[in-house]
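Reader: Hi! I'm new to reading protein models. Could you walk me slowly through one part and tell me what I am looking at?

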Amino acid sequence: MSTPYPFTAVVGMADLRLALLLNAVSPAVGGVLVRGEKGTAKSTAVRALAALMPAVDVVAGCRFSCAPGAPDPACPDGPHEAGPGVARPARMVELPVGASEDRLVGALDIERALAEGVKAFEPGLLADAHRGVLYVDEVNLLHDHLVDLLLDAAAMGASYVEREGVSVRHAARFLLVGTMNPEEGELRPQLLDRFGLTVEVAASREPEQRVEVVRRRLAYDDDPAAFAARWAGDEAALRERIVAARALLPQVVLGDAALRQIAATCAAFEVDGMRADIVMARTATALAAWAGRTDVTADDVRQAALLALPHRRRRNPFDAPGLDEDKLDETLERFGGDDEPDRDPDPDPEPDGPDSGPGGGPGGGIPPQPQGPQSQGPQAQEHQPQEHRPQGDQPQGPGTAPAADRPDAVPGASAGEQAAVRAAEPFRTKMLSVPGLGEGAAGRRSRARTEHGRTTGARRPQGALTKLHLAATVHAAAPHQRARGRSGPGLVVRRDDLRQATREGREGNLVLFAVDASGSMAARQRMGAVKGAVLSLLLDAYQRRDKVGLVTFRGTTADVALPPTSSVDAAAARLERLPTGGRTPLAAGLLKAHDVLRVERLRDPSRRPLLVVVTDGRATGGGPDPVALAGRAARLHAADGTASVVVDCETGPVRLGLAGKLAAELGGAAISLDELRADSIAGLVRNIRTMGSDSRRAA
């Protein structure tokens, strides 16, 4: 077994270490979501925490880690007799992104259940993680239904497995930690809210701290055992402190003054629901226990708010999480009570112990950053830290654009190029879907064969049976009962009789936007409306679990402004800064889109594309006959069978109808900006095939 990197050797990242330790003290806090750029030791810190968790006593031979003193009465391996049990280290279980539902919650042997009436259950990762740590790397890339199951189990402390009337329940209480890189896509707000705390991490920009990171990492790689031995004293002291804080936790009193501050803070920041209040209360209590106190102070409430509220304030996917600390301080001061007890300014009960020093942070007792001989070791950063994204790449609200209303050109703009225009307010769009039946990743846009959805038929299972079609199985087994010697009421079922249910649901697609940013689109009011429409489609793509990409064309060339990604907020940020001007190289834009889709078909062949061309249809650049070139480029997409829609941006009383002709060449559909609104014609939802036939008839 490899030697884990010591938790106390992690450089900096006080908030991350504090959030993890608070959950180790009180798992009821609800887990931690760690957001940050790649190469910032997110995974290393989480794995290091598992080594600090106190050992647990379990019933010998129980696959579900029941406690000997209080075994789960519903344990599938029970009932258990009273006994001393055996001690083992707390487990850290990792959930891979590609895990199946059966791997997560466990699997039932349906064949034995039908033929023998036996609940043959194979435990999943939730059972393995009971009384330990469950770690989900890249949780934002996990399928939504798996995240739902995971968070439901974390909230209820139990996992339920239901298969065709056969039910199994077992305890599943664990410390949940998820990590994610926001550049790869966000979690939806409902799932964000289920994580107790969230921490933002980034690589240090201080040269000395970065030097220390490299030193520690190199020393650990050279000799992990020797490096861990140098930090063993600090690790043991921190482990003892966790045990002491756990023992003190039931004695901590959450006074009325602290409760008023918690409620007022959540109300002031307009947080939805009551989960934030509960999480803040539990976090403040854990902070007090960690500091060795039995009372909750205003400082505890403030630190709890900084950890529990930022991710709960997002109102749409283009909002960056955050908290106004000045507003927080004003709220706490306004609702502060007079019954707060006097306290030592230093909440750390062991100022000279192993948890003091330059690594300490707010809330008391962050693991140390020793400066003695131990500091010559490495740090467990898995990759060299990367540079921050440029300030302009940070997610912005749908109604914001830096200096959007200036009449001057953007820095470095060429002659004739106009500054970026602010997007109009987004609106709810009609649903645009890809025709046919796909087999892509679960989503909410186009029809597809999926593991979840309405049952449409049955087939013989290919591999392990996951969804039994009971009626089809009985129908297959019934003719053979006499030959199989059936004598009792039970049905004699063989493996060949089993039938897999085929289900139809919705899939997510790759929505590639090709946006005309030429001079013909450059009227400020018109471009604002166009950006508002694309922003609305991006919001729709976020809600339907699509990947998105952005191609822009103007002047003489086309550019991939954003390669296909799950991060729609990154696409929105690129769109906000999009300048306009120059000729319209429509053919170049379509060819660039064709190249992007060709590569994506190789990378992810099951994800079907949807091409959305936003233009007025004019072609004025890119060759001696730009119109003919654009037609040939459009027919390439039609030959590939790419579903497409042209959003016609032409305005005014006299219209040339060029967008409709382009849609006919693409074999797709044309829809005006006004028709794109879901409320333009009440209750009308048209898919691309219908619109495509309409546009071809019009052409």
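**A pocket and the helices around it**

Author: Happy to! Let's start with the second largest pocket of this predicted model, where α6, β10 (175–180) and α12 each supply at least two residues of the lining. Helix α12 gives the largest share, four residues. In total, 29 residues line this pocket, and P27, A28, A154, R173 and F174 lie nearest its centre. Its volume is about 630 Å³. Sorted by kind, the lining holds 16 nonpolar, six polar and seven charged residues.

The largest nonpolar core has 65 residues, and L20, W290 and L309 have the most contacts inside it. Helix α12 (residues 275–290) contributes ten residues to this core, the largest share. Look at L309 next: leaving aside residues up to four places away in sequence, L309 touches T265, C266, F269, V271, A276, M280 and L323.

You can check the length of α11 yourself: at 1.5 Å a residue, its 13 residues (256–268) should span 18 Å, and the end C-alpha atoms are 18 Å apart, so the two agree. Just after α11, E270 takes a positive phi of about 55°.

Definitions and conventions
Residues numbered from 1 in each chain as written. Predicted model: local features only at pLDDT ≥ 70, side-chain atom pairs only at ≥ 80, totals over all residues. Heavy atoms only, no water. Core = buried A, V, L, I, M, F, W, Y, C linked by side-chain atoms within 4.5 Å. Buried < 20%, exposed > 50% of the residue type's maximum accessible area, 1.4 Å probe, protein only. Contact = heavy atoms within 4.5 Å. Expected span 1.5 Å × (residues − 1). 1 Å grid on protein atoms, 1.4 Å probe; cavity = no way out; pocket = protein on both sides within 12 Å on 5 of 7 lines; lining within 4 Å. Points joined across faces, edges and corners; volume = space filled by probe spheres on them. Nonpolar A, V, L, I, M, F, W, Y, C, P; charged D, E, K, R; others polar.
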